[in-house]
Amino acid sequence: MNKTTVVIGAGIAGLLLARRLQDAGGDVLVLEKSRGFGGRMATKRVGPAVFDQGAQYFTAKDQRFATLVEDWCSRGLAAPWTAGGHRRFVGRPSMTAVPKALAEGLRVLREHKVTAAHRHECGCWELDVEGHGMVRAERLLLTAPLPQSLALLAAGGVALPAAVESDLSAIQYNPCLALLLTLDGPSGLPPEGVAMTDGPVRWLVDNATKGVSPVAGSVTVHAEPDFSARHYAAAEPEVTALLLPEIAGLLKSRPTGVTLHRWRYCEPRTVHPEPMVWLPDLALGFAGDAFGGPRVEGAALSGLALAGEVINVLKPS
Ligand SMILES: Cc1cc2nc3c(=O)[nH]c(=O)nc-3n(C[C@H](O)[C@H](O)[C@H](O)COP(=O)(O)OP(=O)(O)OC[C@H]3O[C@@H](n4cnc5c(N)ncnc54)[C@H](O)[C@@H]3O)c2cc1C
């Protein structure tokens, strides 16, 4: 009998979940479709400039998460960040530092996109992995945004209990259009390097001031949800032409380059009432920010909650 637990997604939820299970003696494999670790905790390099392009900071309000954050800070992977006067934390040197460290010593296959999850008659799972054939597992833990997780199950013809299916498919996500902007000098954003507007731009941060980019004037710009939904499919020049005039007055240097990133599943609009879903009859679990709350901290707590459930049924392989 195959004893492997497959976790889909190497975001914060999937990595914490996988670590806890492995530490408890489980045989764990993480499949991640992209090249990097961290999912929406993402860092992007454009020439010499570096940008946190997804999550900008994280909170640590819950003691269980605060304990982890304390450890990350003591290892230099994270640091307090007081922009806006709130108690927040950032990754050091950038947002992917924590996910990268969590992945060390775990079996994570990157650039492994799962396209379908089938229930085999032996009671195990069979996963189609694009370009890599099939992976078999005893149990399956899904941490991708819910529409993506549900699509994998639908592609494999898996029927969920009706109430679970209806709760999970009701959760919708806001998109976010993000611009990574390079300037010909310092941004001139307020001393902490952050600005917010009431218009279509929700948030701007100077990654040099934040300590992420070695190059002055490396600015991440996040559009607000309605604007992002309306213009989601618009071409990059069109989005840029709409957003840049909105922030021109806040910047003291001129743009020299811009890259658009489209986050289709930025944040869940509603959150599931439970911190995770575990279906023992199907050996199937769901975790992520759609359960714990639309933030890094919520996703992390959800991953830990699912780990707690699965550890109870883990048999050493
Ligand atoms: C623009 C933006 C700004 C944000 N700002 C903040 C902030 O300032 N503070 C904060 O706390 N939170 C913020 N968030 C939210 C935060 O990033 C998320 O809540 C959290 O990172 C979600 O973690 P997760 O593990 O649940 O999901 P994810 O990080 O999305 O991880 C899921 C992983 O699954 C992988 N995956 C998906 N489908 C497949 C497949 N078929 N096969 C294999 N792998 C697959 C994905 O590639 C991804 O790596 C922001 C998010 C965005 C996008």
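## Two domains

The C-alpha centres of domain 1 and domain 2 are 31 Å apart. Domain 1 covers 5-41 + 96-171 + 270-313, while domain 2 covers 173-268; such bounds come from an automatic or database domain assignment. Where the domains touch, eight residues come from domain 1 and four residues from domain 2. Here, two residues are in contact if their C-beta atoms, placed from the backbone, lie within 7 Å. On the side of domain 1 that touches domain 2, six residues are nonpolar, one is polar and one is charged. In this grouping, Ala, Val, Leu, Ile, Met, Phe, Trp, Tyr, Cys and Pro count as nonpolar, Asp, Glu, Lys and Arg as charged, and the others, Gly among them, as polar.

Before you read on, note that this is a predicted model, in which local features need pLDDT of at least 70, side-chain atom pairs count only at pLDDT 80 or more, and totals for chains, interfaces and linings use all residues. Residues are numbered from 1 along each chain as its sequence is written.

Now look for an open sheet of three strands, in the order 8-9-10 with antiparallel pairing. Strands (E, at least two residues) and helices (H or I, at least four residues) are DSSP runs numbered from the N terminus, and two strands pair if DSSP finds at least two bridges between them. Strand 8 (114-119) and strand 10 (133-137) are at the edges with a single partner strand each, so one side of each has no neighbour in the sheet.

Five bridges join strand 8 to strand 9 (residues 125-129) in the antiparallel sense. You can find Ala 116 opposite Asp 128 of strand 9.

## Around the ligand

How many residues surround the ligand? There are 39, and the closest are Gly 9, Gly 11, Gly 39, Ala 144 and Gly 288. A residue counts as near if its C-beta atom, placed from the backbone, lies within 6 Å of the molecule. Among the elements giving two or more residues to this shell are helix 1 (12-23), helix 4 (146-155) and strand 16 (255-268).

By class, the shell has 20 nonpolar, 11 polar and eight charged residues. Domain 1 and domain 2 each supply at least three residues to the shell.

## A look at His 261

His 261 sits in strand 16.

Leaving out residues up to four places away in sequence, His 261 touches Gln 53, Ala 178 and Leu 180. The C-alpha atoms of His 261 and Gly 54 are 9.3 Å apart, although 207 residues separate them along the chain.
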